[in-house]
Amino acid sequence: MNIQLKILIIIISVCIINPSKGQDLITVPRIPLGKVTAPELNELSGLISSKTHPNCYWVHNDSGDQARIFLIDQQGKLVKILNLSGIVSVDIEDIAWLEKDNKSYLVIADIGDNRGVRKQIKLFVIEEPVFELLDGKEYHLKQEQIEVKTLVYADKAKDAEALFIDPWTHGCYLISKREFQSTLYFTNIFNLNQPTDTLKPISKFPFTFVTAADISRDGSQVIVKNLKTIYYWKRDQQESIVEAMRKPYKRLSYQPEPQGEAIGFDLKGAHFFTISERPFGLESYLYQYNLN
């Protein structure tokens, strides 16, 4: 047994011990939509639904790849590669969406930090592009079209793979990964006229090893996942994110994928999707889970 496999087994074992006492399990049907075959899509770590290209999804690889994201269709086929010109990334671990001033934005979160040593982490913010899907495989976004936001932790550097933005307030939330209890952090950087802000810890969860999170477009649902479990909160009107996520969560039925790290809602919040990396040559699929 090689060291990578040992590490994977340890990770899965940690996730299994998450407490679930008193939490209800909701069964949600899973449908495989398509197999990931493009060689570029080898370590998929984040996923959100595209607004400008219906029935398509933005995904990305994590550490080791260039500063780029990918558009895939509903069968998991690669449609377009979007390169971020002039950007050097360290470890892109999630992708989020933001709607502001009647425009749709993508927020590419360079927040991974396995050793917990990065003094700063970065968010690359771009207006979601509209292009002809059949007009070439690659698209290069100019550097001046990319806004860079810099974040520092109020306490100490953390590894993180999950980030989402509240559509009601534009507050930005990050969830740490490797602590015994994952921590929810907050920054108001999308309401500030400045490129840098501090991430403040505001709450802890009774689980660990969070790899992804998303919020529905209407702001009423939040999902968080680790390798073993999907956690779900329903948010009431006028309720803050912190108030909502301090309520008891529901667990959604989930069949673990090989190194399954990504999750995202559809545009209507009626479904969510997962996709995985391809460790040790295993296969990856785009899955749809039906909430309604």
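**Entry 1: an aromatic pair**

I began with phenylalanine 207, which is buried at a relative accessible area of 1%; buried means under 20% relative accessible area, exposed over 50% and partly exposed in between, with a 1.4 Å probe and protein chains only. This is a predicted model, so I note that local features need pLDDT of at least 70, side-chain atom pairs count only at pLDDT 80 or more, and totals for chains, interfaces and linings use all residues. Residues are numbered from 1 along each chain as its sequence is written, and side-chain values use heavy atoms, with hydrogens and water left out.

Next I looked up aromatic pairs and found 14 in the structure. Rings of Phe, Tyr and Trp (its six-membered ring) pair if their centres lie within 6.5 Å; planes under 30 degrees apart count as stacked, over 60 as edge-to-face and the rest as tilted. Phenylalanine 207 and tyrosine 231 are stacked, because their ring centres are 3.8 Å apart and their planes at 10°. Phenylalanine 207 lies in the loop between strand 15 (196-204) and strand 16 (212-215), and tyrosine 231 in strand 18 (residues 230-234), so this pair ties together parts that are 24 residues apart in sequence. For the element names, I used DSSP runs numbered from the N terminus: helices are H or I with at least four residues, strands E with at least two. Tyrosine 231 also counts as buried, at 1% relative accessibility.

I then checked tyrosine 254 and tyrosine 289, a tilted pair with 6.2 Å centre to centre and 45° between the planes. Both of these tyrosines are buried. Back at phenylalanine 207, I saw one aromatic cluster formed by Phe205, Phe207, Tyr231, Trp233 and Tyr249.

**Entry 2: salt bridges**

How many salt bridges are there? I get a count of 15, a salt bridge being a side-chain nitrogen of Lys or Arg within 4 Å of a carboxyl oxygen of Asp or Glu.

Aspartate 166 and arginine 235 meet in one of them, at 2.8 Å from N to O. Aspartate 166 lies in the loop between strand 12 and strand 13, and arginine 235 in the loop between strand 18 and helix 2 (241-245), so the pair ties together parts that are 69 residues apart in sequence. Both residues are buried. The charged end of arginine 235 also sits over the ring of tryptophan 168, 3.6 Å from its centre; for this, NZ of Lys or CZ of Arg must be within 6 Å of the ring centre and within 35 degrees of the ring normal.

Arginine 217 lies over the face of tryptophan 97, at 4.1 Å from the ring centre. Arg217 is also linked with Lys51 and Glu99 in a network of salt bridges.

Lysine 177 meets glutamate 161 in a salt bridge of 2.5 Å, N to O. Lysine 177 is buried at 4% relative accessibility, and glutamate 161 is buried at 2%.
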